[in-house]
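Visitor: I am new to this structure. Could you take me through it?
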Amino acid sequence: MSKPFSEACENNKEPILAVLHDVILSSDRRLLEIGAGTGQHAVYFAPAFPFLEWHPTDLSPAVPGMSMWFKEARIPSIQIPRKLDVKKDDFPKVKFDVVFTANTFHVMQWKDCKAFMKLLGHRLREGSRAVIYGPFKYNGEFTSSSNEEFDQSLKTLDPLSGIRNFEDVNSNMTKNGFELVHDYEMPAHNRTLVYRRLKFESHR
Ligand SMILES: C[S@@+](CC[C@H](N)C(=O)[O-])C[C@H]1O[C@@H](n2cnc3c(N)ncnc32)[C@H](O)[C@@H]1O
């Protein structure tokens, strides 16, 4: 098996890192990455926050590939990658200060996005943050023709995938106990949505 590679990660890693510098606090101790893909993001971001345990996860087929990156990079704060499917409640049972996910909402079916946001509400405590990077529509409108074409290509592979409406994500995050802290405009018509968990309520 050859080491997986994502050109998109190479292109977006620098602007995403700038956002993470805004979001991650020196008092934070653990970050959970969902849908970590090739692992390139973890390898680039983790050394910038050496005080933070970086917990990369994804569906099981992605884990061996990212492990190749981690073995090569030998970054002490990157934890052993583990299988995590947002459809199942298999978040590690430890406290996470930050959950980071990139380019997953348009790949997952909407019901799985909703399961993911519900899980975030159950598992994160007051003050923890969720950082969601990717393309979004606003009021049902694509922000570029390239995003519209991308959406069509996603739907030929899986009709239930596709670029999500910011408003739908935002109302679900709000319902699950989060407030929107920032909606960053990113290069190539992407966004980074940063949410903060409000006072903990366990049964939503
Ligand atoms: C387009 S890739 C993005 C990978 C990486 N975050 C990046 O930005 O390059 C989408 C990722 O979401 C993962 N994914 C899809 N469904 C998932 C689920 N139900 N739970 C967790 N991860 C999932 C896929 O395995 C894949 O690695």
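Guide: The answers below concern a predicted model, beginning with the sheet.

Visitor: In what order do the strands of the sheet lie?
Guide: The open sheet has 7 strands in the order 3-2-1-4-5-9-8, with mixed pairing.

Visitor: And which are the edge strands?
Guide: They are strand 3 (82–83) and strand 8 (178–186), each of which pairs on one side only.

Visitor: How many bridges join strand 8 to strand 9?
Guide: There are 8 bridges between strand 8 and strand 9 (residues 190–197), and the two run antiparallel. Glu 179 has Arg 196 as its bridge partner in strand 9, and Phe 178 stands opposite Arg 197.

Visitor: What about strand 5 and strand 9?
Guide: Strand 5 (residues 129–134) is joined to strand 9 by 6 bridges, again antiparallel. One of the pairs is Gly 134 with Arg 191.

Visitor: Why is strand 9 described as largely enclosed?
Guide: Strand 9 is largely enclosed by the rest of the structure because 6 of its 8 residues are buried.

Visitor: Turning to the largest nonpolar core, which residues touch the most other members?
Guide: Val 98, Val 99, Ala 130 and Val 131 do, in a core of 45 residues. Helix 4 (residues 110–123) gives the largest share of this core, 5 residues.

Visitor: What does Val 98 touch, leaving out residues up to four places away in sequence?
Guide: Its contacts include Val 23, Ile 24, Leu 31 and Val 131.

Visitor: Lastly, how many residues surround the ligand?
Guide: The ligand is surrounded by 21 residues, the closest being Gly 35, Gly 37, Val 86, Ala 102 and Asn 103. The shell comprises 11 nonpolar, 6 polar and 4 charged residues.

Conventions: Residues numbered from 1 in each chain as written. Predicted model: local features only at pLDDT ≥ 70, side-chain atom pairs only at ≥ 80, totals over all residues. Pairing = 2+ DSSP bridges. Helix = DSSP H or I, 4+ residues; strand = E, 2+ residues; numbered from the N terminus. Near = placed C-beta within 6 Å. Nonpolar A, V, L, I, M, F, W, Y, C, P; charged D, E, K, R; others polar. Core = buried A, V, L, I, M, F, W, Y, C linked by C-beta atoms within 7 Å. Buried ≥ 20, exposed ≤ 12 C-beta atoms within 10 Å, placed from the backbone. Contact = placed C-beta atoms within 7 Å.
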